[in-house]
Amino acid sequence: MLIALTAPAAAASLQDGAVLRGTASGTGSALISLRYAFDNAPLAPLPFTADGGFSQRLDLGTLAVGAHTLKVVALDAAGNIYIAETNYGRRVQRFGPVGKQ
């Protein structure tokens, strides 16, 4: 099983609206499950198409500013587990108070 993450780019600074994209392709056994998580959080389901493609908007609301590891875990029909990990930074854009015009 090969897990290829195409977005966000490795070592990118994540911002609200970031989307996790990629493919998981089998090497003989069908893909039956994909899940993902940041750091040590519980794994969440990652929907995928019949050809193994996935595209999921990431919920960054609970991530603090700083470095994080995104893990994608694939399970095939033979019971094999595959893991892909990539490091990202979390950047928060803050706006100051709005002044009078």
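I started with Lys-71 and found that its bridge partner in E8 is Glu-85. The two strands around that bridge, E7 (residues 66-76) and E8 (residues 81-90), pair in the antiparallel sense over 10 bridges. For me, strands are DSSP runs of E with at least two residues, numbered from the N terminus, and two of them pair if DSSP finds at least two bridges between them.

A note on the source: this is a predicted model, where local features need pLDDT of at least 70, side-chain atom pairs count only at pLDDT 80 or more, and totals for chains, interfaces and linings use all residues. Residues are numbered from 1 along each chain as its sequence is written, and side-chain values use heavy atoms, with hydrogens and water left out.

Next I looked up the sheet. It is open, with five strands in the order E2-E8-E7-E4-E5 and mixed pairing. Strand E2 (13-14) and strand E5 (44-45) are the edges, each pairing on one side only.

I get 20 residues, with Leu-20 and Leu-34 having the most contacts inside the core. E4 gives the most to this core, with four residues.

Last, I checked Leu-20. Leaving aside neighbours within four places in sequence, Leu-20 is in contact (heavy atoms within 4.5 Å) with residues including Leu-5, Pro-8, Tyr-36, Phe-54, Leu-70 and Val-72.

Key:
A nonpolar core is a set of buried Ala, Val, Leu, Ile, Met, Phe, Trp, Tyr and Cys residues joined through side-chain atoms within 4.5 Å. Buried means under 20% relative accessible area, exposed over 50%, partly exposed in between (1.4 Å probe, protein chains only).
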